Every structure is written in C-alpha cells, then in structure tokens.
Amino acid sequence: MASKNDKWSLFKNYLHNELGITKEDIREWLEESVQEEARKLIADSFKSYDIRDRIDAAIKEFHGWGEKPLKTEIARELANRILEKVEIKIQ
C-alpha cells in the first residue's frame, strides 16, 4: 500500500508532467477564484443592506423620547435641517 506522501508525489507528477500544470498555475487560479468570491460576497452584502431597514429596527428598539414617538422627532428634525439648507421658513 502506498503512503500518503507517495500518493501526493504521484498526483503532483501527473499534474505537472501529464497535464502541464505548475504551482504558479494553481496559485493563479486560486487567487482568481478567491477574488471573484470576495467580489460576490461584498456585492451580496451591500445589496442586502438597506438603510431604511436599519432605521426602522432602531426605531422599534427605542420606543420614543418623552411623549412623542421617535419617528416623528426624527422626521421633524430632518425636515428642519432640510429647510435650513434651502432657507424656507415654516409658519
């Protein structure tokens, strides 16, 4: 029975001699595969990330400030900041 080292040597020789595959080829293929998978993971992560969901989750966790609901306060503050930027006054 052949040892693990013997089997590895046979396999390595077959890859190199019969198929013409080098260590550099394998490293290049692995690098390309890892880069592609990383791109896919990042794209999927950003695609599934929705800021509106995060805001809604934060609002659900924090039920309100004093007597007014948090969502109303956030909307009012955002509206005021926008109005300040465009110099419109609410009467």
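Figure 1. An α-helix has 3.6 residues a turn, so residues three or four places apart point the same way. Phenylalanine 11 has a relative accessibility of 43% and counts as partly exposed.

**Figure 2. Helix H1 and the residues that follow.** Helix H1 contains 15 residues, and at 1.5 Å a residue these should span 21 Å. The C-alpha atoms at its ends are 20 Å apart, in agreement with that expectation. Of the elements of the protein chain, H1 has the highest mean pLDDT, 88. Lysine 12 belongs to helix H1 and is partly exposed, its relative accessible area being 41%. Just after H1, glycine 20 adopts a positive phi of about 75 degrees. Threonine 22 is ten residues from lysine 12 along the chain, and the two C-alpha atoms are separated by 9.2 Å.

**Figure 3. Two salt bridges in helix H2.** The count for the model is three salt bridges. In one of them, the side chains of arginine 39 and glutamate 36 meet with an N to O distance of 3.0 Å. Arginine 39 and glutamate 36 lie three residues apart in helix H2 (residues 23-48), so about one helical turn lies between them. Arginine 39 is partly exposed at 48% relative accessibility, and glutamate 36 is partly exposed at 35%. Another salt bridge links lysine 40 to glutamate 37, with the closest N and O atoms 3.6 Å apart. This distance qualifies because the rule asks for a side-chain nitrogen within 4 Å of a carboxyl oxygen. Lysine 40 and glutamate 37 are also three residues apart in helix H2, again about one helical turn. Both residues count as partly exposed: lysine 40 has a relative accessibility of 39%, and glutamate 37 has 43%.

Figure 4. Arginine 81 and glutamate 77 form a salt bridge through their side chains, at 2.8 Å from N to O. The two residues are four apart in helix H4, about one turn of the helix. Arginine 81 counts as exposed, with a relative accessibility of 52%, whereas glutamate 77 counts as partly exposed at 38%. The cut-off for exposed is over 50%, so the value of arginine 81 falls in that class.

**Figure 5. A nonpolar surface patch.** Ile74, Leu78, Ile82 and Val86 make a nonpolar surface patch of about 350 Å². One of these residues, leucine 78, is placed in helix H4 (residues 70-86). Buried residues make up 7% of the 91 residues of the protein chain.

Figure 6. Isoleucine 55 is located in helix H3 and counts as partly exposed, at 41% relative accessibility. Its C-alpha atom is 9.3 Å from that of lysine 71, a residue 16 positions away in sequence. Helix H3 (residues 51-61) has the lowest mean pLDDT among the elements of the protein chain, 74. Where pLDDT is low, the predicted coordinates should not be read in detail. Over the protein chain, pLDDT averages 79, and 84% of the residues score at least 70.

**Figure 7. The helices in sequence order.** The protein chain has four helices and zero strands. Its pattern along the sequence is α-α-α-α. The helix with the highest mean pLDDT is H1, and the one with the lowest is H3.

Terms used. Residues numbered from 1 in each chain as written. Predicted model: local features only at pLDDT ≥ 70, side-chain atom pairs only at ≥ 80, totals over all residues. Heavy atoms only, no water. Buried < 20%, exposed > 50% of the residue type's maximum accessible area, 1.4 Å probe, protein only. Patch = residues over 30% accessible without salt bridge, like charges linked within 9 Å, V, L, I, M, F, W, Y side chains within 5 Å. Areas by Shrake-Rupley, 256 points an atom, 1.4 Å probe, with all protein chains shown as cover. Expected span 1.5 Å × (residues − 1). pLDDT = per-residue confidence, 0-100.
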